[in-house]
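Let's take a friendly walk through the inside of a protein model. Have the sequence and the 3D view ready, and look for the places named below.

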Amino acid sequence: MIAPNGLGELQDTVRGLHQNGHPWVPCGLGTRLHWGAPLQPAADGGAQPRLSTRQLKRILHHAVDDLTVTVEAGLPLAELQAALAEHNQWLPIDWPWGSRPEPLLPEPCQSAGSIGGLVARGLSGGLRQRHLGVRDQIIGIGLLRSDGISAQAGGRVVKNVAGYDLMRLLCGSWGSLALIHSLTLRTQPIRPARAQLQLAGELQALEAWRAEVVASTLTPEWINWQGAPDTAWRIQVGIASVSDAAVEAQLSRLEALAAHHQLGAERHAWGSPLPAPAAPTGPCAWLLRLALPPARVADLLASRELASLSGWRGELAAGAGSGDLWQVSTSAADPSATPAYAVQAVRQRVAQLGGQLTVLVQPEPTDPSAALPAWLDAPARPLIEAMKREFDPLQQLSRGRLPGVATPYPLS
């Protein structure tokens, strides 16, 4: 892994790689480079060099009163959240899968990855219920093209329409278009009063409760489906506000609705202002990212395709329809791993419900051709490939990985 010191050295390195036509992979801390489509080997058969922003980890500007912060892309997400917390603020972005449950301690900082890596993946969770997704938090971006030319879009103020909307283009690009080196983001004040509510009962009653809450004037931080496909599902809700009285009022309404639908409701404390990730820290055989209409999530949870996934767990945003399913395993070669055809059946069921399934991690098959594609061809595939040619004409960046394209794009 190549980790230049400073933006100037990073730019010189990119220019050298471009001059030689050498493929390379943009990355932050490198904690999740194994997610998604496999990267093609370099011409000599070795791995593509990883160009890391881990040395670019400064907070460049924090406008406390304006609720914005400008950071270098290699800054660990946990370090950013800790720095913002000193000013009673936070970045309303879900911890990525695999983050440790003590995110503000020094040792786990790397487990959550860098802020640039999180933006490049563009994956959102339950916090979309109130705060929208990752791309909606970005108001400015700095990037390096594959030829080493630096570009900026957006700015440091929330109401900004300067230049092309590269923020949303780069968010979710998985390092296939450019290297992100800096970001300006919206922040939010930390609400001092917080509580959680957990509901259990029949799936149909939980869905009826969910639909009623989402359509109401209540404003939970998140509403998440949690559980296991072969056992039972429950719903967890997070409430935060400026006063205990406001939180109590919302909890009382939620509990009254739960009683109406004959659901059990149990309150839980919520200490840290940042919701702890529910995902385990150990390795997994499979990790899937789902996105489908929120009203169809319960249909998926009740499906026989999902019920066949024994030993799996999941967390999906009930108000946004996105989330993760995973199978914990001791190793990628665990013989107890679910066969690919069972996961393919789930993918087909998700598509029937109007959604998409991305394979982030899967066991290494004996026959490489039997591996499931990370993502299927999007309807906009021609436009995606045209954009790739414009940004990276030599196709140097993250060869073999282009979101919305199932098979590796041609290298000619």
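Helices (H or I, at least four residues) and strands (E, at least two) are DSSP runs, numbered from the N terminus. This is a predicted model, in which local features need pLDDT of at least 70 and side-chain atom pairs count only at pLDDT 80 or more, while totals for chains, interfaces and linings use all residues. Residues are numbered from 1 along each chain as its sequence is written, and side-chain values use heavy atoms, with hydrogens and water left out.

**Confidence**

pLDDT is the predictor's confidence in each residue, from 0 to 100. The protein has a mean pLDDT of 89, with 91% of its residues at 70 or more. Confidence is highest in strand 4 (residues 68-72), at a mean of 97, and lowest in strand 7 (residues 150-154), at 88. Over residues 103-108, pLDDT stays under 50.

**Pockets and cavities**

Both kinds of space are found on a 1 Å grid over the protein atoms alone. A cavity is a set of points where a 1.4 Å probe fits but cannot get out, and a pocket is an open set with protein on both sides within 12 Å along at least five of seven lines. Lining residues have an atom within 4 Å of a point. Grid points are joined across faces, edges and corners, and a volume is the space filled by probe spheres set on the points.

| Space | Volume |
|---|---|
| Largest pocket | About 1300 Å³ |
| Second largest pocket | About 810 Å³ |
| Largest cavity | About 330 Å³ |
| Second largest cavity | About 50 Å³ |

For the linings, Ala, Val, Leu, Ile, Met, Phe, Trp, Tyr, Cys and Pro count as nonpolar, Asp, Glu, Lys and Arg as charged, and the others, Gly among them, as polar.

Start with the largest pocket, of about 1300 Å³. Its lining has 42 residues, and those closest to its centre are Gly122, Cys171, Gly172, Gln356 and Pro403. The lining divides into 22 nonpolar, 12 polar and eight charged residues. Which element gives the most to the lining of the largest pocket? Strand 17 does, with four residues.

Now move to the second largest pocket, of about 810 Å³. Among its 31 lining residues, Gly36, Ala37, Pro38, Gln362 and Ala371 are the closest to its centre. Strand 17 supplies the largest share of this lining too, with three residues. Here 21 lining residues are nonpolar, seven polar and three charged.

A search of the whole structure finds two cavities of 30 Å³ or more. The largest cavity has 24 lining residues, with Pro26, Cys27, Gly28, Gly117 and Ala120 closest to its centre. Helix 3 gives the most to this lining, with four residues. Around the second largest cavity are Trp90, Ile190, Arg191, Arg194, Glu221, Ala240, Trp270 and Pro273.

**Nonpolar cores**

A nonpolar core is a set of buried Ala, Val, Leu, Ile, Met, Phe, Trp, Tyr and Cys residues joined through side-chain atoms within 4.5 Å. Buried means under 20% relative accessible area, with a 1.4 Å probe and protein chains only. The largest core has 45 residues, and Leu199, Trp209, Trp225, Val237, Trp286, Leu288 and Leu290 have the most contacts inside it. Helix 7 (residues 244-260) supplies the largest share of this core, five residues. Apart from it lies another core of 38 residues, including Ala78, Ala153, Leu166 and Met167.

Contact means heavy atoms within 4.5 Å. Leaving aside neighbours within four places in sequence, Leu290 touches several residues in this way, among them Leu300, Leu316, Val350 and Gln356.

Terms used
Buried < 20%, exposed > 50% of the residue type's maximum accessible area, 1.4 Å probe, protein only.
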